[in-house]
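Please look over the sequence and the model first, and then follow the sections below.

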Amino acid sequence: MKKVLVCKEKDARETRVALIPDDVKKLVPLGFECKVVSGAGAKSGFSDDAYVAAGATVVASEADGYGDSDIVVRIMKPDSIAGIKKDTLHLSYLDPFNEKDLLNEFAAAGIQAVSLEMIPRTTLAQKMDVQSSQTSLAGYVAVLNAAARLPKILPMMVTPAGTITPARVFIIGVGVAGLQAIATAKRLGARVDAFDTRPVVEEQVRSLGASFVKIDLGEMGQTAQGYAKELTPEQIAKQKEAQAKVCEKANIVITTAKVFGRKAPRLIEKNVLDRMQPGSIVVDMACGTGGNVEGSKLFEDVVTDNGVTIMSGDLLERQVPYDASKMFSGNITAFLTHFYDKETRELKVNLADDIMKGCLLTQGGAIIHERFKA
């Protein structure tokens, strides 16, 4: 198993590619044979000629490459799996909690489907963690987008005409995206406050120069995957009340709160937006899973009656496709080389490995992952 096909994304909004020429150069000497669908890297800045120079073969379409490919890589879940041969190892985001029909299709076709979201968040798997690499870039872009729309500058500025006070930025949710948002806002000179339901992140927040907003919610913590645990209704109500007071003073609020496999918690409601300053910006980075902010819309900006702009913050990594592709490709390359046997010069699907066991959902005509086979 060593023949790799790199697909061209079907979604017109998608700008990334799953494998870049530099990583093709690393895989070919190991024995991998790489095919790339023509134009797959165009939106990311990688030409067909660059892939050929790296040692790949360019094919006209997925259909032309599926037949003799052992491994298929793409960014987003496929619209169709027709043409992919039995036992092929398919790597992409799959949204497995909401795509049971797709999982059943993979199983029925005998395809081995890897869900990149399900790669364990362990030290060994860190170099393969597409979730972290992509959301880190998204946190950076969220701050830049908000700063571009805000009717004031972020840093303090002392001028002959007077002193401009720094903008106040409030980050809710201090995961990978939140930490990068804090770092970016601080670099731009803003005064930054942050909150997370996991007290363990306070030290990280302070190390970046931001203030940690303390809200006593009782027992909190994180899952084995590193995500925040879901709060009770009483805890959420208490969190909302305390957050509202910080939001009132903030010029930019960025929400990153997601619960893995579930609908995102609603953290900011209309009554809070109504109390915010006109011209303030709210970026909802959980739009795609239900939204943290009342009234937010996926891929659309909304302006409230009192002049607060709610910006869609989903898949912001698409705005920096060159680096997003580079990081995604690095994750894929790490995955492929981890399971590659140099002696046989073949990739082996090893379910004794915790990484493969954690992310391989279908094999041998069935859904095999414990969380999805019931």
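Ile-171 stands opposite Ala-194, a residue of strand S10. The model discussed here is a predicted one. Strand S9, made of residues 168–172, pairs with S10 in the parallel sense, and five bridges connect the two.

Strand S10 itself covers residues 191–195, and because four of its five residues are buried, it is largely enclosed by the rest of the structure.

## Helix H6 and what covers it

Helix H6 contains 12 residues and reaches 17 Å from its first C-alpha to its last, which is close to the 16 Å expected at 1.5 Å a residue. Its buried residues are Ala-177, Gly-178, Leu-179, Ala-181, Ile-182, Ala-183, Thr-184 and Ala-185. The elements that cover these buried residues include helix H5, the strands S9 and S10, helix H7 and strand S12 (252–255). Just after H6, Gly-189 takes a positive phi of about 95°.

## Contacts of Asn-145

Helix H5, one of the elements covering the buried residues of H6, runs over residues 130–149 and holds Asn-145. The side chain of Asn-145 is joined to that of Gln-319 by a polar contact of 3.4 Å. Leaving aside residues up to four places away in sequence, Asn-145 touches Met-311, Leu-316 and Gln-319.

## Aromatic pairs

How many aromatic pairs does a search of the whole structure find? The search finds six. In one of them, the rings of Phe-46 and Tyr-322 have centres 5.1 Å apart and planes at 20°, so this pair is stacked. The pair links distant parts of the chain, since Phe-46 belongs to the loop between strand S2 (33–37) and helix H2 (48–54), while Tyr-322 belongs to helix H10 (residues 321–338), 276 residues apart. Phe-46 is buried, with a relative accessible area of 10%, whereas Tyr-322, at 44% relative accessibility, counts as partly exposed.

Another aromatic pair is formed by Phe-335 and Phe-339, whose rings lie 5.0 Å apart from centre to centre with 55° between their planes, an arrangement that is tilted. Both Phe-335 and Phe-339 are buried.

Val-349 is placed in the loop between strand S17 (346–347) and helix H11 (354–359). Is this residue buried or partly exposed? With 23% relative accessibility, Val-349 counts as partly exposed, because a residue is buried under 20% relative accessible area and exposed over 50%.

The C-alpha atom of Val-349 is separated by 9.0 Å from that of Leu-360, and these residues are 11 residues apart along the chain. When residues up to four places away in sequence are not counted, Val-349 touches Met-1, Leu-89, Gln-112, Met-356, Leu-360 and Gln-363.

Key
Residues numbered from 1 in each chain as written. Predicted model: local features only at pLDDT ≥ 70, side-chain atom pairs only at ≥ 80, totals over all residues. Heavy atoms only, no water. Buried < 20%, exposed > 50% of the residue type's maximum accessible area, 1.4 Å probe, protein only. Pairing = 2+ DSSP bridges. Phe/Tyr/Trp six-rings, centres within 6.5 Å; stacked < 30°, edge-to-face > 60°. Polar contact = N/O pair within 3.5 Å; in protein donor to acceptor, adjacent residues only side chain to side chain. Contact = heavy atoms within 4.5 Å. Expected span 1.5 Å × (residues − 1).
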